[in-house]
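Please read them beside the sequence and the model.

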Amino acid sequence: MKRETREADGALRHDWTNEEILALHDLPLLELIGRANAVHRRYHDPNQLQKAALLSIKTGGCPENCAYCPQSAHHREVELTREGLLEPETVLALARNARSAGAERFCMGAAWKRVRDGAEFEAVLDMVRGVRSLGMEACVTLGMLEPHQAARLAAAGLTAYNHNLDTSPEYYEEIITTRTYQERLDTLAAVREAGIELCCGGIIGMGESKADRASMLRILAGFSPHPESVPINALVPVPGTPLGARPQVDPLDLVRMMATARLVLPSATLRLSAGRSSLTREAQVLCLLAGANSIFYGDTLLTTPNAGIGDDAELLAALSGRGVAESTYQEESVAV
Ligand code: SAM
Ligand code: DTB
Ligand code: SF4
């Protein structure tokens, strides 16, 4: 590789082209991981891993038709129990548990097309205030948002709002037709305008091309400043959804995506998000080496299983350098 190219790594740029990003993505794997790791270490403490707990506060029955999502009312074959909005006290009890388990951020997701003003939004504002009063960061994902609602979330102390691009503008209509890409960008603008951190990323493994992955990263890097956190999800294929039969993402494709994201979004918190439960511990470590520095932590994502807390305890122990011998010991003691 050319030395000039390496020296330019880590610049905070908003003018990436698809071709440039694709060229990074397609580097020899170890070159790509090495460069991404070097940038990662310039911007972040490589020993810090953010743990974000996730809770579905309103489940299923969503009017949108996102092809990947078990919560869409369009996908009638999915086995899912719908649930109305949880009570703030219930949510706060779960947030307290997550804090005791070591989570620093508490993320709450509602299967809504958009936020509507009224009692339910007031309850979500109570949840945000409650989570903040526990000393945790609070993030919500509630669908589309108007500027006045973003302002109220900001006043309640919301740390970040999650709203994903999901995929490239070119592939988008293969996945969702009930909400436009522009509507997503408008919501993201309202979040920024209110001074709330942006949590915005997407999904790989939905049948998109490498060029689509590069194109999504180009849009993310086009935000100025870059989104503060970027979740990269590997599709969890859920039976009954249109993408339910898709094969699992090749873990090394996820590693490539992480490394490329790290190179074009050097300062962002990059979250190794959905799909972690199908990765080995070693594949997860490769993702972290390639630049991921956050995980969803807890037994469930919104409606599907996450990597278990027990497995994560082993992952964290191995990462810390403590507990390597202990994890062997635990396996033996379970077998007895
Ligand atoms: N309804 C809100 C919205 O879409 O903005 C919030 C909840 S939605 C479930 C949040 C994100 O979860 C989606 O944008 C998508 O990126 C991710 N997601 C949903 N189902 C997924 C799946 N089966 N596999 C991977 N990621 C998924
Ligand atoms: C994000 O990017 N991934 C999370 C969070 N933001 C809200 C959701 C993943 C959902 C996976 C499928 C499920 O459990 O329903
Ligand atoms: Fe609804 Fe969000 Fe699922 Fe789309 S991703 S169907 S908007 S809950």
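Which residues lie nearest the centre of the largest pocket, and how many residues line it?

1. The largest pocket is lined by 22 residues, and Pro-46, Asn-47, Gln-48, Leu-49 and Leu-319 are those nearest its centre. The space has a volume of about 520 Å³. On a 1 Å grid over the protein atoms alone, a pocket is an open set of points with protein on both sides within 12 Å along at least five of seven lines, whereas a cavity is a set where a 1.4 Å probe fits but cannot get out; lining residues have an atom within 4 Å of a point. Grid points are joined across faces, edges and corners, and a volume is the space filled by probe spheres set on the points.

2. On provenance, this is a predicted model in which local features need pLDDT of at least 70 and side-chain atom pairs count only at pLDDT 80 or more, while totals for chains, interfaces and linings use all residues. Residues are numbered from 1 along each chain as its sequence is written, chains are lettered from A and ligands numbered from 1 in the order in which they are written, and side-chain values use heavy atoms, with hydrogens and water left out.

3. At least two residues of the lining of the largest pocket come from each of helix H3 (29-43), strand S1 (50-58), helix H10 (281-289) and helix H11 (309-320). Helices (H or I, at least four residues) and strands (E, at least two) are DSSP runs, numbered from the N terminus. The lining comprises 8 nonpolar, 9 polar and 5 charged residues. Here Ala, Val, Leu, Ile, Met, Phe, Trp, Tyr, Cys and Pro count as nonpolar, Asp, Glu, Lys and Arg as charged, and the others, Gly among them, as polar.

4. The second largest pocket has a volume of about 250 Å³. It is lined by 16 residues, with Leu-54, Tyr-297, Gly-298, Asp-299 and Thr-300 closest to its centre. S1 and helix H4 (88-101) each supply at least two residues of this lining. Its classes are 11 nonpolar, 4 polar and 1 charged.

5. The structure also holds 2 cavities of 30 Å³ or more. The largest cavity contains about 840 Å³ of space. Its lining has 41 residues, and Tyr-68, Cys-69, Gln-71, Asn-164 and Leu-302 lie nearest the centre. The elements giving two or more residues to that lining are S1, strand S2 (105-110), strand S3 (137-141) and strand S7 (229-234). By class, the lining of the largest cavity has 23 nonpolar, 12 polar and 6 charged residues.

6. The second largest cavity holds about 30 Å³ of space. Among the residues lining it are Asp-166, Glu-208, Asp-212, Arg-213 and Met-257. Strand S6 (202-204) and helix H8 (210-222) each give at least two residues, and H8 gives the most, with 3 residues. The lining divides into 4 nonpolar, 2 polar and 4 charged residues.

7. How do the axes of H4 and helix H5 (residues 119-133) pack, and at what angle? The angle is about 25°, and the axes are 9 Å apart; H4 is therefore roughly parallel to H5. Axes are lines fitted to C-alpha atoms, for helices over the stretch in contact, and angles run from 0 to 180 degrees between N-to-C directions. Angles under 35 degrees count as roughly parallel, over 145 as roughly antiparallel, 65 to 115 as roughly perpendicular and the rest as oblique. Pro-88, Val-91, Leu-92 and Ala-95 in H4 are in contact (heavy atoms within 4.5 Å) with Ala-123, Asp-126, Met-127, Gly-130 and Val-131 in H5. This contact has 7 nonpolar, 1 polar and 1 charged residues.

8. H5 also packs with helix H6 (residues 147-155), the axes coming within 9 Å and crossing at roughly 30°. These two helices are therefore roughly parallel to each other. Phe-121, Glu-122, Leu-125 and Val-128 in H5 meet Gln-149, Arg-152 and Leu-153 in H6.

9. Helix H2 (residues 18-25) and helix H9 (residues 251-264) cross at roughly 130°, with axes that come within 9 Å. H2 and H9 are therefore oblique to each other. Ile-21, Leu-24 and His-25 in H2 meet Arg-256, Thr-260, Leu-263 and Val-264 in H9, a contact of 4 nonpolar, 2 polar and 1 charged residues.
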